[in-house]
Amino acid sequence: MFILYETPAGYAIFKLLDDNKFKEIDNLYLEFETPEKASKIVKLKHFEKFADTTEALSAATAAVEGKVSKTLKKALKKLVVDDVQNELLVADAKLGNAIKDKLSLQCVANTSVQELMRCIRSQSENLLSGLPKKEMTAMSLGLAHSLSRYKLKFSPDKIDTMIVQAQCLLDDLDKELNNYMMRVREWYGWHFPELGKILTDNVAYIKTIKLVGMRDNMAETDLSDILIDELEQKVKEAAEISMGTEISEEDINNIQNLCDEILSIHEYRSHLSEYLKTRMMAMAPNLTVLVGETVGARLIAHAGSLVNLAKHPASTVQILGSEKALFRALKTKKDTPKYGLIYHASMVTTASIRNKGRISRSLAAKASLATRVDAFGDDVTMQLGIDHRAKLETRLRMLEEGRNTKLSGGKAKAKLQKFHAVSEVKTFKVDTDSTLPSTSKVKVEKEGAAGSQAVASPRKIKAEEEADSARPAKKKKVQEVEVKMEEEEAVDEPETTESAKKKKKKKKNKSEDQPEEEAADESVVMEATSSAKKSKKSKKTE
């Protein structure tokens with residue numbers, strides 16, 4: 001049984017002297033405490049040394065990918081020729097499978113092998129004779145540096161880094177351009193303040209200053225290549241009546257040099273924007289179609305990489321960039337923000353205020369799906385992003401029109417019909433309220449009448465029908481009697497009205513007499529009280 005041990009200097013093949021030790025690995029480390037004990041268990045059979053660092057790097061990269069390098073193949077061929085029946089203990093299962101396919105050599109890779117490799121590593125300096133410690137350390141350091149450079153060179157995340165750096169540089173350029181433009185407008189505004197109000201476009205403003213210089217040259221300069229005819233006429237008229245101060249040639253030269261810097265930065269920014277757009281379309285086409293290259297690049301830069309962004313849920317993508325507002329809202333127990341960087345997407349900015357939250361949530365969900373397809377999909381196209389954008393535009397249109405229906409999850413639910421239930425009005429029967437047996441005559445009569453109606457004969461029914469036919473004649477007589485009674489009442493009404501008037505007059509007279517009587521009574525009471533007081537005074541004087 002042989003052991004394949006990998007070192008930075010080359011491949012070492014050890015022979016296991018005692019196979020029973022391999023089966024009992026619990027106390028195997030005790031057998032490797034000293035070099036003498038270790039030499040009794042394993043013995044170096046062959047050592048294939050690397051010629052240089054390049055060969056070591058190729059062997060290490062092949063081992064990482066689970067492939068057999070030329071150096072390893074050369075060393076194992078000798079082993080296969082010498083001992084055909086033996087097994088090979090390998091630390092990596094992938095490498096073991098590759099050796100088995102290439103050389104038809106039985107390989108073993110399990111926890112026992114890992115423990116044995118750990119024990120050999122502890123005594124590798126003594127077991128590998130002929131390799132000084134300094135040389136092994138130098139080989140380890142050189143291989144580590146080479147392997148790191150190789151991984152960085154072929155890293156799949158390197159395009160993410162380019163996008164992140166380009167987006168950060170774009171933001172910095174925008175800040176610098178704004179500062180420079182503010183400085184030029186303030187500087188040249190002392191000489192020609194009216195020009196800043198007429199020309200709102202920064203590029204046109206800079207090109208006009210660069211071409212004209214002093215405002216005195218405005219009337220003689222042709223500005224048709226920069227401005228339209230109406231603006232050109234306004235600028236020339238304003239230059240004639242300008243209220244600005246006079247400046248020297250040296251001042252205008254410095255202003256024009258700053259204008260050159262602004263134009264060069266603006267041109268570089270446009271090139272950088274095109275570069276970012278092509279990179280984003282190549283790396284994340286679906287995300288770019290949904291939110292645009294600028295917002296997509298900012299999301300990737302904020303997350304760190306496209307893979308990290310793909311790991312975020314849709315709710316995190318929605319508020320990515322508004323962490324301060326989120327934690328402030330959670331701390332103060334207020335409403336959390338509805339959007340972060342995704343607010344600058346064209347679909348959210350075009351929505352009305354009441355629909356911005358809804359469309360940002362839908363856009364974040366679709367962007368999360370598109371990011372995962374871009375990050376982990378094979379042969380990615382932008383068809384998914386186009387389909388999702390069409391659905392989102394349809395949803396936004398429905399929200400703006402006031403139709404809040406679902407676009408996914410099958411057909412929309414049908415409207416529920418409203419049914420009004422009509423309740424039956426039931427009257428309470430007082431007769432059935434009492435639970436005591438009743439012997440009243442009324443109840444007996446009612447029960448008898450009900451029973452007689454239930455057992456009515458056909459002859460009685462005919463008699464009732466004849467009586468109903470004779471009722472109209474009786475009704476006519478009753479109506480005539482009622483008419484006579486109404487006439488008599490109409491004659492009696494005047495008399496009753498006169499008697500009512502007389503009664504009212506009597507009541508008024510009585511009400512007038514009552515106050516007089518009350519006043520008389522009061523005067524009598526007052527006289528009595530005054531006489532009583534006088535009698536008391538006379539008694540006191542006596």
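Me: Which helix holds both Glu-186 and Arg-183, and how far apart are they?

Reply: Both lie in helix α9, 3 residues apart, about one turn of the helix. A helix here is a DSSP run of H or I with at least four residues, and a strand is a run of E with at least two, both numbered from the N terminus. The model is predicted, so local features need pLDDT of at least 70 and side-chain atom pairs pLDDT 80 or more, while totals for chains, interfaces and linings use all residues. Residues are numbered from 1 along each chain as its sequence is written, and side-chain values use heavy atoms, without hydrogens and water.

Me: Why is the contact of Glu-186 with Arg-183 called a salt bridge?

Reply: A salt bridge requires a side-chain nitrogen of Lys or Arg within 4 Å of a carboxyl oxygen of Asp or Glu. The closest N and O atoms of Glu-186 and Arg-183 are 3.6 Å apart, so the pair qualifies.

Me: What makes Glu-186 partly exposed?

Reply: Buried means under 20% relative accessible area, exposed over 50%, and partly exposed in between (1.4 Å probe, protein chains only). Glu-186 has 45%, so it is partly exposed. Arg-183, at 42%, is also partly exposed.

Me: How do you know that Asp-174 and Arg-269 form a salt bridge?

Reply: Their N to O distance is 2.4 Å, so it meets the cut-off. Asp-174 is in helix α9 (residues 158-189) and Arg-269 in helix α13 (residues 249-283), 95 residues apart.
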